[in-house]
Amino acid sequence: MELVYDWKSFQTLFYSKKKLNSSDLQTPVYLVCEGQVVISAFSEGQDLSEWIGATCDEVDSEFAHRELFVFDRNQVDQWMNQAVEKSHFYDQLQFLQAQSQPLRRNRSRNKSGDLTHRKHFLLRSLDTWWRVLLPSHFGIYISLDQNPAASIFLLVQKGRVASFHVPDLSSMIPDRRRVPSDVARYISERHLVPVQGLFLSTKEWAEWSENENPWPQIAAALRSDRTKLAPFNWGIAVLIVLRAYLGI
């Protein structure tokens with residue numbers, strides 16, 4: 001994997017494990033089966049390894065109160081082989097999420113018919129009509145608690161996340177690293193693209209990331225100046241307000 005793909009940092013910010021409590025044990029169960037035999041079983045926050053070797057019907061009966069997705073092993077192998085042809089891990093993940101369709105699905109709770117995986121709100125926004133208004137090439141810099149180690153830079157090309165890494169700010173004057181607009185300008189000059197910085201607390205980022213629709217919270221945080229856009233961009237602010245209060 002190329003150095004511009006810092007998957008560990010990307011996963012920490014966008015795919016962190018959800019904190020589960022007893023009420024979360026309603027999460028879906030995912031099975032990969034060969035014939036009727038389970039060869040892989042997964043549910044978020046729960047170890048289902050004891051069910052490997054059982055039949056799909058046995059698992060279905062045991063988890064009768066849970067949503068169940070069953071995948072055929074041969075089909076999964078084909079998807080995996082096709083995904084490997086993609087340029088990097090993020091593209092592979094996107095491909096698998098888009099292509100994977102269950103062989104069988106019981107007790108559906110999702111009216112759309114899609115798998116229950118929920119894409120992170122920020123990544124999801126890049127795949128909306130916003131692409132028409134945003135530059136074809138730009139960067140997003142996310143900084144948590146103004147800690148360079150808890151940050152990430154996304155390079156977006158035509159609505160697609162092309163690369164991501166923790167930027168090196170070591171050559172900046174230390175005092176300048178604490179000025180959001182200076183940090184955004186520095187990264188923009190290094191990568192020769194316009195950069196929108198988002199500076200906020202780790203706590204708020206975690207809350208937003210677990211929320212299906214965090215946009216009203218984001219708009220409120222910007223109004224109160226708890227969260228900062230750097231440089232401040234009225235166009236981006238308006239898009240956030242439209243998404244928060246009109247859902248568009």
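Analyst: Helix α8 (residues 202-209) and α9 cross at roughly 155 degrees, and their axes come within 10 Å. This is a predicted model, where local features need pLDDT of at least 70, side-chain atom pairs count only at pLDDT 80 or more, and totals for chains, interfaces and linings use all residues. Residues are numbered from 1 along each chain as its sequence is written, and side-chain values use heavy atoms, leaving out hydrogens and water.

User: Why are α8 and α9 called roughly antiparallel to each other?

Analyst: Check the crossing angle, roughly 155 degrees, on a scale running from 0 to 180 degrees between N-to-C directions. Under 35 degrees counts as roughly parallel, over 145 as roughly antiparallel, 65 to 115 as roughly perpendicular, and the rest as oblique. So α8 and α9 end up roughly antiparallel. Their crossing is left-handed (the near helix is turned anticlockwise from the far one by less than a right angle).

User: Which residues of α8 and α9 meet?

Analyst: Glu-204, Glu-207 and Trp-208 in α8 meet Gln-217, Ile-218 and Ala-221 in α9 (contact means heavy atoms within 4.5 Å). That contact splits into 3 nonpolar, 1 polar and 2 charged residues. Here Ala, Val, Leu, Ile, Met, Phe, Trp, Tyr, Cys and Pro are nonpolar, Asp, Glu, Lys and Arg are charged, and the others, Gly among them, are polar.

User: What makes α9 oblique to α10?

Analyst: Helix α9 (residues 215-223) packs against helix α10 (residues 234-245) at about 135 degrees, with the axes 7 Å apart. That angle makes α9 oblique to α10. The crossing of α9 and α10 is left-handed too.

User: Which residues in α9 and α10 meet?

Analyst: In α9, Trp-215, Pro-216, Ile-218, Ala-219, Leu-222 and Arg-223 meet Ile-240, Arg-243, Ala-244 and Tyr-245 in α10. By class, that gives 8 nonpolar, no polar and 2 charged residues.

User: What lines the second largest pocket?

Analyst: Its lining has 23 residues, with Leu-134, Phe-138, Ile-140, Gln-196 and Ile-236 nearest its centre. They divide into 19 nonpolar, 4 polar and no charged.

Terms used:
Helices (H or I, at least four residues) and strands (E, at least two) are DSSP runs, numbered from the N terminus. On a 1 Å grid over the protein atoms alone, a cavity is a set of points where a 1.4 Å probe fits but cannot get out, and a pocket is an open set with protein on both sides within 12 Å along at least five of seven lines; lining residues have an atom within 4 Å of a point.
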